[in-house]
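Visitor: Please show me the model, and let us discuss it by question and answer.

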Amino acid sequence: MKSRELLKETIKVITGPRAKDYGDKYINHVNISELWSSYLDHEISPHDVAICMALVKIARLKNRRTKDCYIDIAGYAAIAAEIENKKSKKDDSFLTEGERRGLQTLKYVKKLNREKKCPHN
């Protein structure tokens, strides 16, 4: 199976049947993080949950390599990135090039507007 095919199948899985079975992936990972945090008496973030679930799948590969494990790993990586993106809007590494340029333009325009209101003497 080629990477593109695996990723297409991953998208189908996380937006299709599993989304219907388990509900919103962000809310699901928040719920899991709260349960794990309570049980472990240690703060676990929704992002940590997605990474740990990927690690479970990676551990299973030591025993048997299945297509499903690779799909699940890709899915949990995508979910972790989506959670991180929701959490850190200030981190521009999760922005598209267009979004990044738009923010730079906005900052520049705001700077120009401030300079017009408060000209330097």
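Visitor: Which residues form the largest nonpolar core?

Guide: In this predicted model, local features need pLDDT of at least 70 and side-chain atom pairs count only at pLDDT 80 or more, while totals for chains, interfaces and linings use all residues. Residues are numbered from 1 along each chain as its sequence is written, and side-chain values use heavy atoms, with hydrogens and water left out. A nonpolar core is a set of buried Ala, Val, Leu, Ile, Met, Phe, Trp, Tyr and Cys residues joined through side-chain atoms within 4.5 Å. The largest has 7 residues: Ile14, Ala50, Ala54, Tyr76, Ile79, Ala80 and Ile83.

Visitor: Which element gives the most residues to this core?

Guide: Helices are DSSP runs of H or I with at least four residues, strands are runs of E with at least two, and both are numbered from the N terminus. Helix 4 and helix 5 are the elements that give two or more residues to this core. The most, 4 residues, come from helix 5.

Visitor: What is the secondary structure of the protein chain?

Guide: Along the sequence the pattern reads α-α-α-α-α-α. The count is 6 helices and 0 strands.

Visitor: Which element has the highest mean pLDDT?

Guide: pLDDT is the predictor's confidence in each residue, from 0 to 100. The chain has a mean of 85, with 87% of its residues at 70 or more. The lowest mean among the elements, 77, belongs to helix 6 (residues 97-117), and the highest, 96, to helix 4.

Visitor: Which residues lie closest to the centre of the largest pocket?

Guide: A pocket is an open set of points on a 1 Å grid over the protein atoms alone, where a 1.4 Å probe fits, with protein on both sides within 12 Å along at least five of seven lines; lining residues have an atom within 4 Å of a point. The largest pocket holds about 390 Å³ of space, a volume being the space filled by probe spheres set on the points. Of its 20 lining residues, the closest to the centre are Arg18, Tyr22, Asn28, Tyr76 and Ile79.

Visitor: Which helices each supply at least two residues of that pocket's lining?

Guide: By class, the lining has 10 nonpolar, 4 polar and 6 charged residues. Here Ala, Val, Leu, Ile, Met, Phe, Trp, Tyr, Cys and Pro count as nonpolar, Asp, Glu, Lys and Arg as charged, and the others, Gly among them, as polar. The helices supplying at least two residues each are helix 2 (17-22), helix 3 (25-40), helix 4 (46-61) and helix 5 (67-87).

Visitor: Is Val13 buried or exposed?

Guide: Val13 is in helix 1 (residues 3-15) and touches Arg18, Ala19 and Ile71, not counting residues up to four places away in sequence, where contact means heavy atoms within 4.5 Å. Val13 and Ile71 are 58 residues apart in sequence, yet their C-alpha atoms are 8.3 Å apart. Buried means under 20% relative accessible area, exposed over 50% and partly exposed in between, with a 1.4 Å probe and protein chains only. Because its relative accessibility is 16%, Val13 counts as buried.

Visitor: What is the phi of Asp41?

Guide: Most residues other than glycine have a negative phi. Asp41 is in the loop between helix 3 and helix 4 and is exposed, with a relative accessible area of 71%. Although Asp41 is not a glycine, its phi is positive, at about 55°.
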